[in-house]
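Biologist: Please take me through one part of this model in detail. I would like a single connected account.

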Amino acid sequence: MSPQTDDPTDDPTTDPTDDPTDDRHDPTDERARRAGDLEGKVAVVTGGASGIGAATVRLLSARGAAVVIADVDARSGEALAVEVDAAGGTAWSMVVDVTDPEQVEALVAAAVDGFGGLDIAVNNAGTSGSYSSLTEHSLAEWDRTLAVNLTGVFVCLRAEVPALLARGGGVIVNTASDAGLMGFAGLPAYVASKHGVVGLTKSVALEYARKGIRVNAVCPGSVNTPMLEGFVGGDQAALEGMGKVTPMGRLGTPDEVAEAIVWLCSDASSYVTGAVVTVDGGVMAT
């Protein structure tokens, strides 16, 4: 008869994976592990006062980053900063129009002066533009949509890159769209602008790949945001219909897109640059 032992692995009837103290598969442990992985990082998020931008601000803060919220909506930006501070994070807001290079330069300077540098930039500001046929789409609407969605990203990139280089490198995530990977009738300016964001992302990623800066894009599908709700005029039936046609049968949430963005901002994606990540419930797989 073998001697008695306290080692459960010596008992053939005992499975060590049943150990109640073993939390290797506990999702709460994973969340705890990630909680402070961005501690000491400084981020700016354009279009950060609502929707995907606000969800990204909250998650970046929860992971330890100090965040500058940039948006044209001063009241919502300030309210979000108060919310983040109350939750134990660090955030403050600025009114920034991404089509104005001086305002964007001031945003980056504020992050550097206020927090000591810049590590993460999420270029999320955008507009859906209007739905109309090509021949009815005004030149003014075309110019405005491209100014915000494409030129605004270019303006931000041009201001952010020097600050990231001064920090020894960093991460940029641009918000594109499934419309940057496929066509949609009736949205000529929006589709063109988002295709431009995808191309610009890849170009800048290649330029700075050996200089310590990673640049990626996320392409959300139909996500339940104030912008999408405004686009359909608040028609809840239309929103539900947009969700039902996706392979997963529902709209996405801002939090789901924010998870992808913050993953791209983290060291967990350290070998990822020039990538275009779809967060669309399977739409681009069809």
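In which sense do β1 and β4 pair, and over how many bridges?

Modeller: β1 and β4 pair in the parallel sense, over four bridges. Pairing requires at least two DSSP bridges between two strands. Strands are DSSP E runs of at least two residues and helices H or I runs of at least four, numbered from the N terminus. This is a predicted model: local features need pLDDT of at least 70, side-chain atom pairs count only at pLDDT 80 or more, and totals for chains, interfaces and linings use all residues. Residues are numbered from 1 along each chain as its sequence is written, and side-chain values use heavy atoms, without hydrogens and water.

Within this pairing, Thr-46 stands opposite Asn-123 of β4. On its other partner, β5 (residues 170–175), β4 also runs parallel, again with four bridges. There Val-122 faces Val-173.

β4 spans residues 120–123 and is covered on both faces. Ile-120 and Val-122 are buried on one side, Ala-121 and Asn-123 on the other (buried: under 20% relative accessible area, 1.4 Å probe, protein chains only). In a regular strand, side chains alternate between the two faces of the sheet.

Beyond its neighbours within four places in sequence, Val-44 contacts Ile-120, Ala-121 and Val-122, among others including Val-68, Leu-107 and Leu-118 (contact: heavy atoms within 4.5 Å).

Key:
Buried < 20%, exposed > 50% of the residue type's maximum accessible area, 1.4 Å probe, protein only.
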